[in-house]
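Hi,

Here is the structure I promised to pass on. Have it open while you read, and my notes on what turned up follow below.

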Number of protein chains: 2
Amino acid sequence: MNSRFSRSVGDYLKAIYQLTLNGEQTSPLNLAEMMNVAPSSVTSMLKKLANQVPPLVDYQKSYGVTLTSAGMQAALRLTRRHRLLEEFLYRTLGYDWEDVHAEADELEHVISSRFEDYLASLLGEPEFDPHGDPIPNRDLAMPVNTAIPLSELSENVDAVVRRVKSSHEDLLQHLGQQGLRPGSQIRVLSRNPVDHSIQYSINHGEITQVLGYEVSRNIYVEELAAAGLRLSG
Amino acid sequence: MNSRFSRSVGDYLKAIYQLTLNGEQTSPLNLAEMMNVAPSSVTSMLKKLANQVPPLVDYQKSYGVTLTSAGMQAALRLTRRHRLLEEFLYRTLGYDWEDVHAEADELEHVISSRFEDYLASLLGEPEFDPHGDPIPNRDLAMPVNTAIPLSELSENVDAVVRRVKSSHEDLLQHLGQQGLRPGSQIRVLSRNPVDHSIQYSINHGEITQVLGYEVSRNIYVEELAAAGLRLSG
DNA sequence: TTTATAATTTAGATATGTCTAAATTTTTAT
DNA sequence: ATAAAAATTTAGACATATCTAAATTATAAA
């Protein structure tokens, strides 16, 4: 069976999932911005989602929106499919990592459970996608990732890039061309005390690059010592 | 870019393509049956297809429907995607051959040109799908297949199965379990002169099976001698 | 606490693709 | 050539998901 939800319903569930990852509720306006639709469209969709049986969202005026467990399940299922597809596109088909998101966004709504299962087998039940985003397992449990933001990495400490959180294709392409992607070694050489931008090098390379603070907050790294420990422990 | 057509438009184009393979036009009623929609739905869709720029169908009252070259291109593109996907599902993901059609029918409307190209590369630019149906090449040209219907194969002549035309999952499963699929050797042992059903064996096996006339007309084979010639020529 | 601003919802319209029922046209048979 | 049957089209409705504009409600500021 395919996802029993329309593409639109699925997209709303994923958006609510993203916006409530911090444990809080979200608002119609946030959703409207994320989904690129008018706020009134959100209202009518939220009504619909709340009136499904079982309900997919908890939605009360002037309270906010959260996912019910049914809604959460659906969002996680789509997230699993999306990230498995990204891994497939990247690893098996040879896509560049900045191109996988758009294609996976279409496919995730269409593939069956069988496709999902076979694909996971083919790829060896991967735990992370090409950006290092965690892939929910067959039971929809998230792998844990102990990485810290690059913005918090001490200077002159070797670390491994674990995750690059961005949906900007241009930025991803740029970072990828520099070699900054999950698995790369990275070292912060210095910090700008004013704007918190970072000078860093990749894979012991001689070329020094610069990253703004906002970007560096969305790159997660693991100190090499810790990574080594985890591997040998 | 994805197919610039909606799923529905694409399905109509494919249906018209199928129904006009013999070189004739088709009728709204034929289309309604093939698409499983009411005849009036066909009328309104045909108007729409005929009014696109460029038009996708030639459609005149009491004349019939045919594809324009733009419509033909779109139908062939979808057919290529469908059959490449079937081959991928079967060969790479491990689907049973009776299950590939339904999944490919969904995916074909969603994949991009890039996906199509990479998939064709991955599979080695295949010319036939798991049922032996020809896959249009990158320029949408159809590979030729000189096979003849099993219903016309002489008795006691060894032949190779080249194509099994059926969309009935149960029948495909049944034939597959018997070993009757593209690449198998087959020999007609005898014919029933009344209903033209066939007794046959697969891969020199001792087990004799029976096939009705209508099914045998949709299985295409190539005499082993001819196949050998083509290979060595 | 009242007003101004921001957020949200309602009301009504649009586009797509479907349906049923009725009307019309075409084909076939007498 | 006309009547009966079959095929096709029109008319009007429905579901989904969106929009704009207006109305309402909630929040923040004075």
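One term first: a crossing of two helices is called left-handed if the near helix is turned anticlockwise from the far one by less than a right angle, and right-handed if clockwise. Please also keep in mind that this is a predicted model.

**Helix α4 of chain B and its neighbours**

With that term in hand, α4(B) passes α6(B) in a left-handed crossing. On the α4(B) side, the contact is made by B:R80, B:R81, B:L84, B:E87, B:F88 and B:R91, and on the α6(B) side by B:E116, B:L119, B:A120 and B:L123. Sorted by class, that contact has five nonpolar and five charged residues, and no polar ones. As for the geometry, helix α4 covers residues 69-91 of chain B and helix α6 covers residues 113-123; their axes come within 10 Å and cross at roughly 45°. The two helices are therefore oblique to each other.

Helix α5 of chain B (residues 100-107) also meets α4(B): the axes come within 9 Å and cross at roughly 130°. That makes this pair oblique as well. Which hand does the crossing of α4(B) and α5(B) have? It is right-handed. Here α4(B) brings in B:H82, B:L85, B:E86, B:L89 and B:Y90, while α5(B) supplies B:V100, B:H101, B:E103, B:A104, B:D105 and B:L107. By class, the contact has six nonpolar, two polar and three charged residues.

**How the two chains meet**

Chain A can be laid on chain B by a turn of 180° and a shift of 0.0 Å along the axis, with an RMSD of 0.0 Å. The two copies are thus related as by a two-fold rotation axis. Of the residues of chain A, A:L107 comes closest to that axis, with its C-alpha at 3.6 Å.

As for the interface, 13 residues of chain A are in contact with 13 residues of chain B. On the chain A side, the elements that give two or more residues are α5 (100-107) and α6 (113-123). α6(A) gives the most, with four residues. By class, this side of chain A has seven nonpolar, four polar and two charged residues. The copies meet through the same surface, because 100% of the interface residues of chain A are also interface residues in chain B.

**A buried tyrosine**

B:Y12 lies in helix α1 (residues 7-19) of chain B. Is B:Y12 buried or exposed? It counts as buried, because it has 27 C-beta neighbours inside 10 Å and 20 or more are enough for that label. Leaving out residues up to four places away in sequence, B:Y12 touches B:M35, B:M45 and B:L49. B:Y12 and B:A75 are 63 residues apart in sequence, yet 8.9 Å apart in space, C-alpha to C-alpha.

Most residues other than glycine have a negative phi, and most peptide bonds are trans. Here are some exceptions.

- A cis peptide bond joins A:V53 and A:P54, with omega about -5°; A:P54 lies in the loop between α3 and β1 of chain A.
- In chain B, a cis peptide bond joins B:V53 and B:P54, also with omega about -5°.
- B:N36, in the loop between α2 and α3 of chain B, has a positive phi near 60°. B:N36 is exposed, with 9 other C-beta atoms within 10 Å.
- B:H204 has a positive phi near 60° and is found in the loop between β6 and β7 of chain B. With 9 C-beta neighbours inside 10 Å, B:H204 counts as exposed.

Cheers

Methods: Residues numbered from 1 in each chain as written. Chains lettered and ligands numbered in written order. Predicted model: local features only at pLDDT ≥ 70, side-chain atom pairs only at ≥ 80, totals over all residues. Axes fitted to C-alpha atoms, helices over the stretch in contact; angles between N-to-C directions. Parallel < 35°, antiparallel > 145°, perpendicular 65-115°, else oblique. Contact = placed C-beta atoms within 7 Å. Nonpolar A, V, L, I, M, F, W, Y, C, P; charged D, E, K, R; others polar. Buried ≥ 20, exposed ≤ 12 C-beta atoms within 10 Å, placed from the backbone. Least-squares fit on C-alpha atoms with pLDDT ≥ 70 in both.
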